[in-house]
Amino acid sequence: MGRPSYHFKKKRVLVSIIFFFAFSASAFGQFNINQIVVSGNKDISSETIQAISGLSIKEPLSAREINDGFRRLSDSGLFQNVEINPVGSRLIITVIENPFLEKVSFEGNKIFKTSFLSQIVQSKARTSFNRGTVDEDVRQLLQLYREKGRFKAKISPQKVSLDGKGLGLVFEIDEGPRTEIKTIRFLGNNYFSDARLRSVIASSQKSFLSFISSSDDYSEERQEQDRKSIEEFYHDKGFANAKVTSSVGSLSNDWKNFNLTYSIFEGTKVAISDVEVVSSIDGLDEKDFSSLLTMKKGDLYVGSKVDKIIKDIERRANKQGFPFAKVNLERKKGVDPASLGIVFKITNGPALFVERIDIKGNNQTLDRVIRREFSISEGDAFNPILIRKTEEKLRALGFFKELAVFIAPGSTSEKAIVTVEVEEAPTGSLNFGAGYSTDTEVSGTISLSERNFLGKGQRLLFEVLSSASNKRVKFGFTEPAFLNRNLSASIDLTYLDLDPKQSSYTSNESSLRTGFGFNLGPDSRLTTSIKFSEEQVVVPADTLSLILKDDVGTRSNAELSVDYVKDGRNSIIKPTEGYLFRSGLAVSGLGGKNTLLRGSARGKIYNSFFNDGLIITGELEGGLIQMQKGFSRTTDRFLLGGQRLRGFEYGEIGPREGMEPLGGEKYAVSRLEANFPIGLPEELGFYGGLFAEAGSLWGVSYDKKKLDVDQSTLRSIDSHIRSSVGFTLYWSTPIGPLQFNWAKPQQYLSGVDKTETFSFNLASQF
């Protein structure tokens, strides 16, 4: 019998060798090896190959151990062929390496960016070429195109020589035509028509808008989403037992069209017979959650309300110190099929902790810049809500072109690994901007900025803005982690030149502001700042307002301010529920002849209905100036109108002397708005809103001993409510967001207030 050997891809040889070693081991015992020799390797070191094999000369080797070493080398994907031959006291490992890839590229891809496809495939530059890996990459890419409705896509991997510099791999892609949805049918729907059900799903039938919409492209992922949307729609209408029993997509013979069919079991409408909360966790009292039960006996079953109650209970339990608390819904069926009892059972879910946080792809941004955005640390209890918030905070930084957060099992079943993969975007930019607003008319901006200076997350800004009523030059620097703590420090130098269109005065101001900000809690932040400025106000000689003329002159000022933000929104990017509260307090005129206390507050709540299809927001805002010494100037006072009170021109409501607007020392505004889709494809970026707003601006103090103001010329000094209702069209365009407002004023002072039935805003960078 010749020397035993192991050959990759040759099962018969492998079996015979295993038999030989088994016989040898039983006949002669184990192999005494005092030297391991590696041959055939070029790029991979002998030490690495021996380490991969796991073989060592410290102890005698059995046939089983040598066979395991062979398997480890073969399964590593680094070698085309592996042989292991015991020769006397030596063990010879002979390998033929897979070639290393110097470059992986894509050709013919239009739907997906190359940077995105590079993340999908496992074949990477500076890794070994492996045919099995390439085949899996092709499968993944084809699946990706199938999800976009490209069922005739073809992927052809090609090996290419790179001018003697190594091996390249090119994925040649033929994306193929779109496979569109021709018909969408429903079976078993008695309560709702086909047209009504089509309106609640993401897929649509091809139409004259197909050339600008992708919702009529067939997607298996979207088909599954449709199934869930149909069931959620029925559950929200009281059909607690409704279910989509099957969803079938049939492809036409020419591969151009799909026909979708959804089979539905509707059941009957169900009313709630009983609602209760039961806790199996010691120290967690069910009574603490009774206020969250927004559904009561006799109410119609509404699935979205049930889901919201579950989330609210889990969130409150987590805040009370039970991070693993989970809520399971138990349904209690009674004799009457039209009634249903529901029990929210609070239990301790499986303990899961964050073992490790890995960050990949950040070539410039320092790890600590990314880590400080995490609301969770290694060793903490795993919390999906905090992970989602962290992802949103990272996206909001604007440092990354692509960002994904993955959760993988850890070293044990109780541990998880959080991985953040990023593709960095350019953060330094020279921007030229243009905009139009009915508040400020045409404006132009030039800014030189760096949002991630030296990869430390520091922000530098030099900006020049010019419009008909506002000219500004600003330099700013912000360190978000001053002294490596959760403390931001900033400094701003600003020159501002105002020529407001609603008034006859002009002013210019030079200022220096420095401030610090820090978190008071997971959702709240406090910022303190001090500002030193010098302001000059100029009023034309022919101005009739004595109060305005009294503001003429130059004033040096010191201002100390404190701002507080409490953010309870479920998303900082697209909130659908929660609240946002802002407040500020400033002491201005320190050491001067005019000292004032200025306070303002703004609160906004969000709520959604119909699976986030309708978002309702309510808002209250108000402010007050309290003079401590002297009298306020027009540049100190509040203004309303324009975007802050739609239906009225900016700055053209409130106190006046003659026809001269003076601004006001007190204001209050309430807003209510409903936002909703308007039936156009989502990718076009259109959605609408109905709004109702009401507010008032009042109060002016002046030196009555010095100024002999004709009281008959003072108008709207006292509070008078102004209100309006209207419609807003929002449009997200490639050149920037547009907002169109149509408003009809309801309450106003005729002959005093200037109304505005249409306004719009446009901001763009190019």
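The side chains of Glu 673 and Arg 646 meet in a salt bridge, with N and O 3.1 Å apart. A salt bridge here is a side-chain nitrogen of Lys or Arg within 4 Å of a carboxyl oxygen of Asp or Glu. Glu 673 lies in strand S29 (residues 666–676) and Arg 646 in the loop between strand S26 (614–629) and strand S27 (656–657), so the pair ties together parts that are 27 residues apart in sequence. Helices (H or I, at least four residues) and strands (E, at least two) are DSSP runs, numbered from the N terminus. The model is a predicted one, in which local features need pLDDT of at least 70 and side-chain atom pairs count only at pLDDT 80 or more, while totals for chains, interfaces and linings use all residues. Residues are numbered from 1 along each chain as its sequence is written, and side-chain values use heavy atoms, leaving out hydrogens and water.

Both partners are buried. Glu 673 has a relative accessible area of 11%, and Arg 646 has 6%. Buried means under 20% relative accessible area, exposed means over 50%, and partly exposed lies in between (1.4 Å probe, protein chains only). Arg 646 also lies over the face of Phe 691, at 3.9 Å from the ring centre. A charge sits over a ring if NZ of Lys or CZ of Arg is within 6 Å of the ring centre and within 35 degrees of the ring normal. The charged end of Arg 644 sits over the ring of Tyr 667, 5.2 Å from its centre. Arg 644 also belongs to a network of salt bridges with shared partners, together with Arg 602, Glu 619, Glu 621 and Arg 671.

The count of salt bridges comes to 31. One of them joins Lys 401 to Glu 423, the closest N and O atoms being 3.7 Å apart. Lys 401 is in strand S14 and Glu 423 in strand S15 (residues 415–424), 22 residues apart. Strand S14 spans residues 400–409. Lys 401 is partly exposed, at 43% relative accessibility. Glu 423 is buried, at 19%. The C-alpha atom of Lys 401 is also 4.7 Å from that of Ala 425, 24 residues apart along the chain.

Asp 550 and Lys 706 form another salt bridge, at 2.7 Å from N to O. This pair links distant parts of the chain, 156 residues apart. Asp 550 is in the loop between helix H11 (546–549) and strand S23 (553–567), and Lys 706 is in the loop between strand S30 (686–698) and strand S31 (714–715). Asp 550 is partly exposed, with 29% relative accessible area. Lys 706 is exposed, with 56%.

Aromatic rings were examined next. The whole structure holds 21 aromatic pairs. Rings of Phe, Tyr and Trp (its six-membered ring) pair if their centres lie within 6.5 Å; planes under 30 degrees apart count as stacked, over 60 as edge-to-face and the rest as tilted. Phe 112 and Tyr 145 are edge-to-face, with 5.2 Å between centres and 85° between planes. Phe 112 is in the loop between strand S4 (101–107) and helix H4 (114–120), and Tyr 145 is in helix H5 (residues 131–147), 33 residues apart. Both Phe 112 and Tyr 145 are buried. The rings of Phe 727 and Trp 742 are stacked, because their centres are 6.0 Å apart and their planes are at 25°. Phe 727 is in strand S32 (residues 722–733) and Trp 742 in strand S33 (residues 736–747). Phe 727 is partly exposed at 28%, and so is Trp 742 at 39%. Tyr 191, Phe 192, Phe 233, Tyr 234 and Phe 239 form one aromatic cluster.

The largest nonpolar core has 24 residues. A nonpolar core is a set of buried Ala, Val, Leu, Ile, Met, Phe, Trp, Tyr and Cys residues joined through side-chain atoms within 4.5 Å. Phe 289, Tyr 301, Ile 313, Ile 342, Phe 344 and Ile 346 touch the most other members. Strand S10 (271–279), helix H8 (303–319), strand S11 (325–333) and strand S12 (339–348) each supply at least two residues of this core. Helix H8 gives the most, with five. A second, separate core of 19 residues includes Ile 359, Ile 376, Phe 399 and Leu 403.
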